[in-house]
Amino acid sequence: LFTLLLTIRLDAFGAAMNEYIITETDLPTSLDPLDADLTQNLPVARMIYATPLEIDASDTISSQVLEKFSYNKQTKTIHWTVKKGINYSDGSEISTEDVAFSVIRMLYTRPKFPVIDSIEGVDEWLKLSEPLKTYPKGVQVKQNEIAIQLSHDFPHPLFRFCLELFSIIPKKCVDLKSNKIICEKLPESG
């Protein structure tokens with residue numbers, strides 16, 4: 001376990017600044033959601049980023065960014081409806097593209113990760129010269145709707161999207177060729 005302390009200090013202009021002090025792990029080494037499964041990055045990622053879905057202590061799935069979400073076992077399709085009017089810490093809107101991008105960015109990096117490994121068209125998509133500029137066949141984005149078509153049924157597939165690895169950041173902050181963060185400061189979504 002780790003201990004996390006929150007202190008408040010004043011900056012040079014007298015404004016309050018929050019400071020997180022983690023006492024039993026190292027300081028975070030990365031704010032990239034793809035590194036959020038490293039022990040020292042996990043608590044910070046959970047504090048500053050939203051994930052498509054969240055799970056509470058009673059195993060109830062909810063969402064800060066989706067107004068509706070479901071999984072149809074018969075069609076093997078995940079459906080998400082992204083809320084309108086939700087913003088990052090810099091005031092810019094969290095878009096449907098940003099939410100879908102949190103999935104395909106993880107898929108590009110870890111194509112064998114459970115659930116996302118069964119998204120339709122992954123193998124063909126990964127062969128493209130710049131896959132992050134498109135979606136695999138199984139990911140459809142229309143207005144504020146996202147549909148994710150799986151090739152086979154997976155028990156409780158929504159749970160995976162609660163993980164910090166799927167944290168939502170602006171698509172514009174990622175180089176679509178290298179998959180590296182290009183914004184000097186990532187706006188927070190959580």
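Guide: The turns below take up a helix, some strands, aromatic rings, salt bridges and a disulfide. Please keep in mind that this is a predicted model.

Visitor: Is helix α2 mostly covered or mostly uncovered?

Guide: Helix α2 is mostly covered, with 11 of its 14 residues buried. Among the buried residues are Val99, Phe101, Ile104 and Leu107, and also Asp98 and Arg105. The elements that cover the buried residues of α2 include the strands β5, β6, β7 and β8, together with helix α3.

Visitor: What lies between β5 and β6?

Guide: Four residues lie between β5 and β6, and the two strands form a hairpin. In the turn, Lys76 has a positive phi of about 60°.

Visitor: Why is β6 described as largely enclosed?

Guide: Five of the six residues of β6 are buried, so the rest of the structure largely encloses this strand. Trp80 illustrates the point, since its relative accessibility is 0% and it counts as buried.

Visitor: How should I read a pair of aromatic rings?

Guide: A pair of aromatic rings is described by the distance of the centres and the angle of the planes. In this structure the count comes to four aromatic pairs. One of them joins Trp80 and Phe161, with 5.1 Å from centre to centre and 90° between the planes, an edge-to-face arrangement. This pair links distant parts of the chain: Trp80 is in strand β6 and Phe161 in the segment after β8, 81 residues apart.

Visitor: How is Phe161 arranged with Phe166?

Guide: Their ring centres are 5.0 Å apart and their planes meet at 55°, so this pair is tilted. Both Phe161 and Phe166 are buried. Ring pairs link Trp80, Phe113, Phe161 and Phe166 into a cluster.

Visitor: Let us turn to charged side chains. How many salt bridges does a search of the whole structure find?

Guide: Side chains of opposite charge can pair when their charged atoms come close. The search finds seven salt bridges. One of them joins Asp32 and Arg105, whose closest N and O atoms are 2.8 Å apart. Asp32 lies in the loop between β2 and α1 and Arg105 in helix α2, so the pair ties together parts that are 73 residues apart in sequence.

Visitor: Are Asp32 and Arg105 buried or exposed?

Guide: Asp32 counts as buried at 13% relative accessibility, and Arg105 is buried with a relative accessible area of 3%.

Visitor: Which residue meets Glu164 in a salt bridge?

Guide: Glu164 meets Arg46, at 2.9 Å from N to O. The pair links distant parts of the chain, with Glu164 in the segment after β8 and Arg46 in helix α1, 118 residues apart. Glu164 is buried, with a relative accessible area of 14%, whereas Arg46 is partly exposed, with 33%. Salt bridges can also join into a network, as they do for Glu130, Lys133 and Lys177.

Visitor: Finally, which residues does the disulfide join?

Guide: A disulfide is a covalent bond between the sulfur atoms of two cysteines. The count here comes to one disulfide, which joins Cys173 to Cys183 with an S to S distance of 2.0 Å. The torsion about the S-S bond is about -85°, so the disulfide is left-handed. Cys173 counts as buried at 1% relative accessibility, while Cys183 counts as partly exposed at 23%.

Key:
Residues are numbered from 1 along each chain as its sequence is written. This is a predicted model: local features need pLDDT of at least 70, side-chain atom pairs count only at pLDDT 80 or more; totals for chains, interfaces and linings use all residues. Side-chain values use heavy atoms; hydrogens and water are left out. A disulfide is a pair of cysteine sulfur atoms within 2.5 Å. Buried means under 20% relative accessible area, exposed over 50%, partly exposed in between (1.4 Å probe, protein chains only). Contact means heavy atoms within 4.5 Å. Two strands pair if DSSP finds at least two bridges between them. Rings of Phe, Tyr and Trp (its six-membered ring) pair if their centres lie within 6.5 Å; planes under 30 degrees apart count as stacked, over 60 as edge-to-face and the rest as tilted. A salt bridge is a side-chain nitrogen of Lys or Arg within 4 Å of a carboxyl oxygen of Asp or Glu.
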